[in-house]
Amino acid sequence: MEKLKFNKSGLALSRRIAAEASVLLKNDGVLPLKKNSKIALFGRNQCDTYKGGGGAADLWAVKCQPYCDGLEKLGNVYKPLLKKYRDTCAANRDPSLGKFHHAWNYHKYSLPEVRLCDSEVELAASKCDTAVIFIGRFSIEGRDIANVQGEYKITDQEEIMLSQVTKYFKKTVLVLNIPTALDLNFLDKYNIGAIIHNFYPGHLAGFAMADVLYGRVPPCGRLPFSWAKCADDYPTNEGFSTDKIVYSEGLYMGYRYFDTFEKEVAFPFGFGLSYTNFKTETFSCNIDKTIVTIKVGVTNIGDFKGREVIQCYLSSPDGKLQKPYQALCGFEKTDWLKPQQSQELSVSFDLLDFTSFDQETASYVLEKGEYIVRIGKNSKSTTPVCAVCVGEDFVSKKVLNRFALSESITELSNTATDKENTDNLPKLTADFTEIEILDFTNPPLIKAKQKTGDYTFQDVLDGKCSPEELAACLSDEQLAQILTGDGFEKQRTLGLSLEPLVEGEGTHTHQVTELGIPSSVMQDGPNGVRATTFANPPLPPDYELSGRDCVYYPSVIAQASTWDRKLIEQMGREISVDLDKIGYNGLCAPGVNLHRNIRCGRNFEYFSEDPLLAAELAVSLINGVQKNADGSPSNRYAVLKHLACNNSEYMRVTGDSVLSERTARELYLRVFEYVLSRTNPLSIMAAYNKINGVYSAANSDLLDGVCRYEWGYTGWIMTDWDVRVSEAECLSAGCDTCMPGHYKTFEELQNGGLTRDVAEHRAANLIAHLAKTKHYFNGELKNTTA
Ligand code: BGC
């Protein structure tokens, strides 16, 4: 069997992210463990650890380290129990575990627990000082998590384990290896000293957990979502996982709901403890036109090193438009601070990022009034630090209403009118005098260029013609060929011409040999490069174990819980090492769909319920992939996905997200808008689902209207894989390539379903993309920049 050679710095980073992403939810002082603390490990999940979730985000079945292996090497683990768990798990192995989880229905959400007798637990308690209990849950693309035992709730067998362990052990730690949250109502019954949320930790779960438990890397993650007391407490729970989901909560999603309506939660958005405590002081609050800057000092006042996250929230005044209590408007994380060490942080944001959308006038507006800026440790503990006065309503952007509802919906509304007293707060005044009001009410028509000569791709690279001029040279057959992408499977079945470019699948665009137009090869995903094929039937065990040596990074939600832009950018650069190793040009990530409901099966692949946090970290990943360490373009690309409102997995390819234009624009589209205003992902993927009855991939208001015209996006847009709508409709609406496509484009061009003007325009976008990025021609990798 071939020896795997993993990128060492990537492995170290994966371990670091898994440790730093850990969120300490509770600690009665049991953690950190003393250097020689002897620990007994409970729960099958210590051996059958979920490295990540399933679906597009999964990687080849490289052997990832379970918790018990790493803890055994770096900690002081009680062996007899470990042996029992290992033996029982090996004898009852779930065939899908550790393998590539793309076998959609081939896995379980939780595994039967190993039964222990009381005497075994009692004996372990007499030999060890602390019990570490592991509970794990799986999650996968294509299926939402059900609010039942074994999924969102714990099983009877897990309850038995908790009751046995807490009966004999005084000191207990619970480790959660779960995608998002779990119903934690069992906590009242058992005496659990500390809880660590580890999400899906990727490659080196055991080493990372040893780092956290023994305090080498104290947990410094913060929840990127609100953890309600039970699934029914989320305002989005009713009607979730149906084929037509009405977003009746409107803007009151996540903490915007819990904070506005003063509902209790188990753990608020942004929550996370440390092994130490921090003192925070606000030094100054300033404004330059609309840019607000708050300077904060943080001091570690405890006994262990730690990192603090300063979170800044904005409460906008109610006017004609009702607003949620507050919205995250900025954040910064300290470096590692030793006891007594201090650091000054500066948090900045632009008020214009927090406009409201007025459907009546189809415009974005900052309504007049006082905008209160708050600093806090999480959304439930924020303190006002200043108020920004906006004298008159300021309209920043005029657009067209583009997402009409075919039926009226009633959105949740907040009738409370309490006004906060701001008398003692420093006052800043926003100044809009030099700010241009943007008008997007006259969309341009798509008109192709006249043919001006006979060009090849080399002419584009040499600056002798534009991508549009080359597109004008393509025949209908050639246009059809490059407007449809492929995976090797389809290419083989349909006998289409393309040299195998790389091993494994590598979905790609088609080359046009005669004109020298190359092909681009891309692969998922958000936690490392999925260098493999969709194997059906699953590959024989040996083959699977030989795997590919791409590093498995912690899942995206774990990346988000670091709240650390630099770390995620570094991860993007390390992922590129594997992209280059396998020979892929692009990475089909990041996904920035919001965690609208806690039970969405792909939440682990998405960052947060909050558009700003999700966008900021997606920007870091994109920059990491698309830029070299010195900031120069890497010529690789990231694919920002899934545009838009793709927030449930049930019936995901045909489901309809029904929501008001305001909710769409202020939350689910805003996350994409934030990303595009901060960086330039060279590609975007349109989602499967419908928005108010219109498929996203065939929604010209969304793609040509909002994305290209309002947001000014000039890159390459592809569909998600095998969308349920025709190629002509997708291409006419704004997609440049249908992935992997139904091969109907030629017919559609011939029968007028797709016009040449549009087809050439789309082809030009792909040609421009190919000229900026690494690509293949006749099987050879090129790294040419136009
Ligand atoms: C997923 C995408 C993914 C694509 C290719 C689709 O099913 O929704 O996120 O990039 O497959 O694997």
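Guide: Helices (H or I, at least four residues) and strands (E, at least two) are DSSP runs, numbered from the N terminus. The model is predicted, so local features need pLDDT of at least 70, side-chain atom pairs need 80 or more, and totals for chains, interfaces and linings use all residues. Residues count from 1 along each chain as its sequence is written, and side-chain values use heavy atoms, without hydrogens or water.

Start at the ligand. A shell of 13 residues surrounds it, and Glu141, Asp524, Arg602, His642 and Asp720 are the closest (near: a heavy atom within 4 Å). The shell splits into seven charged, five nonpolar and one polar residue (nonpolar: Ala, Val, Leu, Ile, Met, Phe, Trp, Tyr, Cys, Pro; charged: Asp, Glu, Lys, Arg; polar: the others, Gly among them).

Now the polar contacts (N or O atoms within 3.5 Å). Aspartate 524 puts a polar side-chain atom 2.4 Å from a ligand oxygen. For histidine 642, the distance from a polar side-chain atom to an oxygen of the ligand is 2.7 Å. Arginine 602 has a side-chain N or O atom 2.8 Å from a ligand oxygen. Alone, the ligand would expose 310 Å², and the protein buries 95% of that (Shrake-Rupley, 1.4 Å probe).

Aspartate 524 is joined to glycine 525 by a cis peptide bond, with omega near 15°. Glycine 525 sits in the loop between strand S22 (521–523) and helix H12 (541–546). Histidine 642 belongs to strand S24 (residues 637–643).

Positive phi angles come next. Serine 241, not a glycine, has a phi of about 60°. It is in the loop between helix H6 (205–213) and S7. Tryptophan 563 is another non-glycine with positive phi, near 50°. Its place is the loop between helix H13 (556–561) and helix H14 (565–582).

Then the voids. Six cavities reach 30 Å³ or more (points on a 1 Å grid over protein atoms alone where a 1.4 Å probe fits but cannot get out; lining within 4 Å; volume: probe spheres set on points joined across faces, edges and corners).

Last, the rings. The whole structure has 25 aromatic pairs (Phe, Tyr or six-membered Trp ring centres within 6.5 Å; stacked under 30 degrees, edge-to-face over 60, otherwise tilted). One of them joins phenylalanine 42 and phenylalanine 169, edge-to-face, with 5.6 Å between centres and 80° between planes. Phenylalanine 42 is in strand S2 (residues 38–42) and phenylalanine 169 in the loop between helix H5 (156–168) and strand S5 (171–177), so the pair ties together parts 127 residues apart in sequence.

Note on methods:
A polar contact is a pair of N or O atoms within 3.5 Å; within protein, one must be able to donate a hydrogen and the other to accept it, and residues adjacent in sequence count only if both atoms are side-chain atoms. On a 1 Å grid over the protein atoms alone, a cavity is a set of points where a 1.4 Å probe fits but cannot get out, and a pocket is an open set with protein on both sides within 12 Å along at least five of seven lines; lining residues have an atom within 4 Å of a point.
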